[in-house]
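Reader: I'm new to this one. Can you walk me through it?
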Amino acid sequence: MAETTYFPRRLILAGAMISGVLLALAVHMLGARYGLDLGGLWRSDTREFMPGGAAIAWWLIASVGFCSGYFTANLMHSAVSGQIPQRMRQFLIAVGVLILAGAGQAASAPSPIPTISGVLSGLAALCLGAAMAFCGAHFALRKA
């Protein structure tokens, strides 16, 4: 009987973090097109404490980063032993490509967000996505 091999834990953690950050940034770019931007946190022209679109964007980016880190770590952990069916692997690749293509299309258009606010919200989305992807991958690896 063949021995089951696994990826090193650091490789799984790095891959899951990269996937989580990319998907969190893609969701940030797509959300900015629909008015869900973190830049609303730094605007001084609103009278509300925190605009609703900024709060929804914050939670959306955090949940996508966490979930993608968690699921990517689980998939990478079980992929070496061949536990993922070929159709599921192809479906996941197609979904990832479509999300990143939509984000690339959204990023190529002129931004509706002012420049400094866009830079700050992009950096916040990057940091939030990285932190949540790390947490998701860490929980997945502890479970495995």
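Predicted model: local features only at pLDDT ≥ 70, side-chain atom pairs only at ≥ 80, totals over all residues.

Reader: How many helices and strands does the chain have?

Author: There are 4 helices and 0 strands. Along the sequence the pattern reads α-α-α-α.

Reader: What share of the residues is buried?

Author: Of 144 residues, 31% count as buried. The chain exposes about 9100 Å². Carbon and sulfur atoms supply 69% of that area.

Reader: And the contacts along the chain?

Author: Take the contacts with a separation of 6 or more. Residues 24 or more positions apart account for 85% of them.

Reader: Let's go to α4. Why should α4 span 42 Å?

Author: Helix α4 covers residues 115-143, which is 29 residues. At 1.5 Å a residue, they should span 42 Å. The end C-alpha atoms are 42 Å apart, so the model agrees.

Reader: Which residues of α4 are buried?

Author: Among them are S117, S121, A124, A125, L128 and G129. Further along, the buried ones include A133, G136, A137, A140 and L141.

Reader: What do the buried residues of α4 pack against?

Author: They pack against α1 (9-33) and α2 (52-79).

Reader: Tell me about α2 with α4. What is the angle?

Author: About 35°, with the axes 7 Å apart. The crossing is right-handed.

Reader: Which residues make that contact?

Author: From α2, they include W58, I61, A62, G65, F66, G69 and Y70. From α4, they include A125, L128, G129, M132, A133 and G136.

Reader: How many are nonpolar, polar and charged?

Author: The contact has 14 nonpolar, 5 polar and 1 charged residues.

Reader: Zoom in on Y70. Which helix is Y70 in?

Author: Y70 lies in α2. Leaving out residues up to four places away in sequence, Y70 touches G136, A137, F139, A140 and K143.

Reader: What separates the C-alpha atoms of Y70 and G136?

Author: 4.2 Å, though Y70 and G136 are 66 residues apart along the chain.

Reader: Switching to α1. How many residues does α1 have?

Author: α1 has 25 residues. From first C-alpha to last, α1 reaches 36 Å, close to the 36 Å expected at 1.5 Å a residue.

Reader: Which residues of α1 are buried?

Author: I12, A16, S19, G20, V21 and A24 are among them.

Reader: What comes just after α1?

Author: G35, which takes a positive phi of about 85°.

Key:
Residues numbered from 1 in each chain as written. Heavy atoms only, no water. Helix = DSSP H or I, 4+ residues; strand = E, 2+ residues; numbered from the N terminus. Expected span 1.5 Å × (residues − 1). Buried < 20%, exposed > 50% of the residue type's maximum accessible area, 1.4 Å probe, protein only. Contact = heavy atoms within 4.5 Å. Axes fitted to C-alpha atoms, helices over the stretch in contact; angles between N-to-C directions. Left-handed = near helix turned anticlockwise from the far one by under 90°. Nonpolar A, V, L, I, M, F, W, Y, C, P; charged D, E, K, R; others polar. Areas by Shrake-Rupley, 256 points an atom, 1.4 Å probe, with all protein chains shown as cover.
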